[in-house]
Amino acid sequence: MMTGETFLPRAIPLVTVDPYFNIWSFDDHLYDDAPRHWTGKRNAMTGAIRVDGVWLRFMGKLELNAEDYYMEPEVIPQTEVEIRPTRTIYHFENQQVALTVEFMTPLLLSDLKLMSRPVSYVSYQVKSRDGKEHEVLVYLDITAEAAVNTSDQSVQFGKDARSIFCGRGDENMLTKSGDDMRIDWGWLHLAAPEHKYIILSTEGKRRICRRPWWEPGVEFDGLEGIMEKGVRPWHQVRDGYPALGCWKEYTVSTESPAEGFICLAYNDLKSIQYFGENIDAYWKSDGTTFEEALDAAIHDYQEINARAAAFDAELKAEAEKVSRKYYDILSVAYRESIAAHKLIMVDGELKFFSKECYSNGCIGTVDLTYPSMPLYLKYCPQLMEGMMNPIFHLADTVQWPFPYAPHDMGQYPLANGQVYGLNHATHVLDEKDQMPVEESGNMLLCVAAVCKAENSLDYAVKHKEILTRWADYLVSVGWNPENQLCTDDFAGHLAHNCNLSVKGILGIAAWAKLLGQMGEKEQEQKYRAEAEKLARQWEEAAFDGDHYRLTFDGEGTWSLKYNLVWDTLLDLNVFDRKVAETEVKYYLTKMNPYGIPLDSRCDYTKSDWEMWTTMLTDNVEYRDKIIDTMWEAVCDMDRRAPFPDWYHTEKAVAEGFQNRSVQGALFIRLLNW
């Protein structure tokens, strides 16, 4: 187990815009290897500085072939990396200079146009350390790998008044879906104000494109040649790994540091297919063009950077009231959760689509919406509406034949209707693979939470008919669910699931409360009485001496009753408080080096559900143990990957999942309800 106090996750966020434009460092040092897409596929970026004629590498590592035997520059040693909610900051230094490099994506949920704008920033500062003057050149490039799904695909290059770019245009746009898949349409842009540009390419098969330190005499030739007469020749990406590059020269002294910033942007042309129609990203919804968006990103950089830094500081101050390690966890979870979504608008209504990453690639999954909601309830409840709007739309069409809520909207980026449990031969949904209690309870609890966060009943009133249908379904099921899946579907079907039963009961209670707030007191009393009756039956049937069971018929079993958290957060109060107190006391006896297992079947856990259980009581000892062991797991995980939410607790072994929207769940301690 890690024993130090330095927070160093196994993967570090760099460019985090959406599920496609999403690049991480899978290494402790930025120069240990090439950056990668969250799936682990290489999305190489290279960064170097030249100090008094000597090249030093700070980012990336080229994979050279035998015929490309060129010495790579030595590195400038990395001394520190800081992870904050909107940025990652790397520090490097040698005897001559100190270099700071920041990767910042302004995912500010108070500004949806800015949040959805497909632009991420890389900024740098070089200072003299020895008090002497130095001639410094700063260089950065990004390969065309970020614009293709696989490296055997080809891209074209271009240059306009503000940027250089590469990509495949509208070829293959929104024609396929999947999980382990990257974008292969649209245009990757690099815009670097006051810098010079270079497009790196090669004529030789399989030869790595020359970086400037390999051929000192012609180090920045090539842009005009490739763009001669506006021609954009196709280049196969694996033929040399062509790249977009930029550079700038400075004279650096103690009084005069070098400073600059670069915009990395992706114009995906159309973002999501929604019921057969290709839809623009939200930032275009007011008619803004990509050129206007990129101009605004460049012009407003200082203001945007200051706003993002202020948000980082505010979140830090609030999270550290819990603990410093809690702030560390939230800092890596913030960008991971938001950038696992894509925001669009259809007919004036927000649609905020999650991608079920490192799973089946589903889009708009309800049991991802449910755990992720604390982050969005806190900062922008309208995005919670945006997650649920497509589900209400689907449930109101002939596509959906069931009396309970759907599971998903399709497979990313195609939101054309549920695919989970779909028989592709018959195009019929198999009912045995549905999650009836899970998703119905999720939707009712999410709506109740949104109404509380917004202090308005409008959203519940708007969808009253469908919500009543789902509440009635839960009443018909009662307190003892039949054999079915829940959100923990990786563990398989389970009958008589006590934790799932809690969700169904609380869904009924939440609907009762909403009806009462609408003035429908008789209906409130009917549903409330049903929820209270079921809760009493639950308490008797689930009790197992000093804890409550995994299944009603499972003597000696146990599980995390994370769904119980909404009984207090929504002021429902249908379960006796002794249930939560008994459970937390028991959980403390099950603590492993990296947390508490999800249930008695295996030692693996889920980060989202663990954190939710810290809200069941005011037990500070329990809260701190969960946070501390989770912090250790983030740093010790066996797999290089964006913060997996499903991992083992005896040893920090990732079972599955990474780059997950559900990490928004970890913000539950900041709801302050």
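Me: Before we start, what is a salt bridge here?
Reply: A salt bridge is a side-chain nitrogen of Lys or Arg within 4 Å of a carboxyl oxygen of Asp or Glu. Bear in mind that this is a predicted model.

Me: Fine. How do glutamate 530 and lysine 533 meet?
Reply: Their side chains form a salt bridge, at 3.4 Å from N to O.

Me: And how far apart are glutamate 530 and lysine 533 in helix α12?
Reply: Three residues, in a helix that covers residues 521-542. That separates them by about one helical turn.

Me: Glutamate 530: buried or exposed?
Reply: Buried. Its relative accessible area is 18%, and the cut-off for buried is under 20%.

Me: What does lysine 533 count as?
Reply: Partly exposed, at 43% relative accessibility.

Me: Which residues do salt bridges with shared partners join into one network?
Reply: Glu5, Arg324, Lys325 and Asp328.

Me: Zoom in on arginine 324 and aspartate 328. What is the N to O distance?
Reply: It is 2.8 Å, and the two side chains meet in a salt bridge. Both residues belong to helix α5, residues 324-338. They are four residues apart there, or about one helical turn.

Me: How accessible is arginine 324?
Reply: It has 34% relative accessibility, so it counts as partly exposed. Aspartate 328 is buried, with a relative accessible area of 8%.

Me: What about aspartate 280, which residue does its side chain meet?
Reply: Lysine 284. That salt bridge has an N to O distance of 3.9 Å. Aspartate 280 is partly exposed at 27% relative accessibility. Lysine 284 is buried, at 16% relative accessible area.

Me: How many salt bridges does the count come to?
Reply: By this rule, 46 salt bridges.

Me: Why can such side chains pair at all?
Reply: Opposite charges can pair when the charged atoms of the side chains come close.

Me: Now surface charge. Which residues gather in a negative patch?
Reply: Asp52, Asp130, Glu133 and Glu135 gather in a patch of negative charge on the surface.

Me: Where is glutamate 133 found?
Reply: In the loop between β10 (119-128) and β11 (134-143). Glutamate 133 has 56% relative accessibility, so it counts as exposed.

Me: On to strands. What does β10 pair with on the β9 side, and in which sense?
Reply: β9 and β10 run antiparallel, joined by eight bridges.

Me: How many residues of β9 are buried?
Reply: Seven of the eight residues in 97-104 are buried. The strand is therefore largely enclosed by the rest of the structure.

Me: And how many bridges join β8 to β9?
Reply: Seven, with the strands antiparallel; β8 spans residues 87-93. A hairpin of three residues connects β8 to β9. Phenylalanine 92 has leucine 99 in β9 as its bridge partner.

Me: Which part of β15 is buried?
Reply: Four of its five residues, 196-200, are buried, so β15 is largely enclosed by the rest of the structure. Strand β17 (residues 243-252) pairs with β15 over five bridges, in the antiparallel sense. Isoleucine 199 faces leucine 244 in β17.

Me: What is the strand order in the open sheet of three?
Reply: The order is β20-β19-β23, and the pairing is mixed.

Me: Why is one side of β20 and β23 left without a neighbour?
Reply: Because β20 (277-279) and β23 (414-415) stand at the edges of the sheet, each with a single partner strand.

Me: In what sense do β19 and β23 pair?
Reply: Parallel, over two bridges; β19 is residues 272-274. Tyrosine 274 sits opposite alanine 415 in β23.

Me: Last topic. Where is the place of leucine 315?
Reply: In helix α4, residues 301-319. Leucine 315 is buried, with 1% relative accessible area.

Me: What separates the C-alpha atoms of leucine 315 and cysteine 602?
Reply: A distance of 35 Å, with the two residues 287 apart along the chain.

Notes. Residues are numbered from 1 along each chain as its sequence is written. This is a predicted model: local features need pLDDT of at least 70, side-chain atom pairs count only at pLDDT 80 or more; totals for chains, interfaces and linings use all residues. Side-chain values use heavy atoms; hydrogens and water are left out. Two strands pair if DSSP finds at least two bridges between them. Buried means under 20% relative accessible area, exposed over 50%, partly exposed in between (1.4 Å probe, protein chains only). Patches are made of residues with over 30% relative accessible area and no salt bridge: like charges are joined within 9 Å, nonpolar side chains (Val, Leu, Ile, Met, Phe, Trp, Tyr) within 5 Å. Accessible areas come from the Shrake-Rupley method with a 1.4 Å probe; for residues, only the protein chains shown count as cover. Lys and Arg count as positive and Asp and Glu as negative; His and the chain ends are not counted. The place of a charge is taken as NZ of Lys, CZ of Arg, CG of Asp or CD of Glu.
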